[in-house]
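Please brief me on the charged side chains of this protein.

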Amino acid sequence: KNSDGITSATLGAQTIGTGVLYDCDELETVTIKGTVNTIGNDAFYSCGAIKNVNLEPSAEGSDLTLGYQTYGTDEQGPFYDGVLETVNWYRNISYTLANAGSADQDDEGLFSKMSKLTSVNIGEQVRTIPPYTFANPGLTSITIPASVTSIGNDAFTDCDALHTVNIESSTNPIKIHTQTGDWGTFYDSPLSTIKLDREVNYVNAAGSAFTLDDWDEGVFANEEYDEDFTATVTLGANVKTIWPWMFSGVRMQNVTIPASVTSIGKEAFSYCYILTEVTCMGTTPPTLGEDAFYDSDELERIYVPSGSLSDYQKKWSQYKGKLYQK
């Protein structure tokens, strides 16, 4: 606990006590070695200059148990007083929010409220993105590696600058929670690039399966998409299900649906106002939910594989006049 002249710190002991770097107000860089098992509460309290955090991998792949801030009337995230610009997150973190269910949980996220933190490097030991992790007005892009199996509720709430999401390839599904109130996970984000090569298991903020009944609840749905840009959506061969309202409002001009997709849900591409062309790669038509392209009035052509036109015309009869053979 010394605020004089400390600009960088490397923590390597198995257990780091409470308030270990309390009031180190010149501290800019923190490196947490993979040998650390536990960091107590308030370890970085009043460290207002922290810009860089490096969470190194563990040789055993074990979790790091990380405390939060407890000073004041509201608990906050471990780096809340900092001004993070760079985060290298290479280890899974066991992190429990201080006030589960409280109205101000977005202050308690691991890297929340960091307007200068525009991107994060996530390593292959990270398995879970806890709730409210990136409740962050600065984040512009995120790549979620195949190792991540779960994204907690409100992980990306308030990310109104986030334009690029890349969920990397895996044959294992990823569980994605909604925002509180069951808005879509990226509802606040005007995404211009979406890359998805993984099956999604979509659950509400409480973690339960639920029936989507509003297009605001779609995984990537967002009525606030900026009309000044065109989005690109790339779906990989591991995607099997396009959920109801999944891409509602996305401002894409075209999309290719891979042959792996067996189901397209209700209004999956509704309100895609500039969508003009869809290409289906599967010779067997996916099941099609009601009004899959509802209010996507610019859609002119849906291309299907050679020899499959009649099958698509039968099963996609609502869009029979827009179907063309490649």
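D63 is partly exposed, at 28% relative accessibility. Buried here means under 20% relative accessible area, exposed means over 50%, and partly exposed lies in between (1.4 Å probe, protein chains only). This is a predicted model: local features need pLDDT of at least 70, side-chain atom pairs count only at pLDDT 80 or more, and totals for chains, interfaces and linings use all residues. Residues are numbered from 1 along each chain as its sequence is written, and side-chain values use heavy atoms, with hydrogens and water left out.

**Salt bridges**

- The structure holds four salt bridges. The criterion is a side-chain nitrogen of Lys or Arg within 4 Å of a carboxyl oxygen of Asp or Glu.
- D63 pairs with R127 in a salt bridge, at 2.7 Å from N to O. R127 lies in the loop between β9 and β10 (128-129) and D63 in the loop between β5 and β6, so the pair ties together parts that are 64 residues apart in sequence. Strands are DSSP runs (E, at least two residues), as helices are (H or I, at least four), numbered from the N terminus.
- R127 is partly exposed, at 34% relative accessibility.
- E56 and K33 form another salt bridge, at 3.2 Å from N to O. E56 sits in the loop between β5 (52-55) and β6 (64-66) and K33 in the loop between β3 and β4 (38-39), so this pair links parts that are 23 residues apart in sequence.
- E56 is partly exposed at 27% relative accessibility. K33 is partly exposed at 33%.

- D158 forms a salt bridge with K113, and their closest N and O atoms are 3.9 Å apart. D158 lies in the loop between β12 (150-151) and β13 (164-167) and K113 in the loop between β8 and β9, so the pair ties together parts that are 45 residues apart in sequence.
- D158 is partly exposed, with a relative accessible area of 31%. K113 is partly exposed at 36%.

- D107 is buried yet has no salt bridge. The nearest side chain of opposite charge is K113, 4.4 Å away. For charge, Lys and Arg count as positive and Asp and Glu as negative; His and the chain ends are not counted.
- D107 is placed in the loop between β8 (93-94) and β9 (120-122).
- Beyond its neighbours within four places in sequence, D107 contacts Q76, G77, Y80, S112 and K113. Contact means heavy atoms within 4.5 Å.

**Negative surface patch**

- D25, E26, E28 and E85 form a negative surface patch. Patch residues have over 30% relative accessible area and no salt bridge, with like charges joined within 9 Å and nonpolar side chains (Val, Leu, Ile, Met, Phe, Trp, Tyr) within 5 Å.
- E26 lies in the loop between β2 (15-16) and β3 (29-32). E26 is partly exposed, with a relative accessible area of 38%.

- Y132 has a positive phi near 65 degrees. Y132 lies in the loop between β10 and β11 (141-144). Y132 is buried, at 8% relative accessibility.
- D295 also has a positive phi, of about 60 degrees. D295 is found in the loop between β22 (287-288) and β23 (301-304). D295 is partly exposed, with a relative accessible area of 27%.

Note on methods: Areas by Shrake-Rupley, 256 points an atom, 1.4 Å probe, with all protein chains shown as cover. Charge placed at Lys NZ, Arg CZ, Asp CG, Glu CD.
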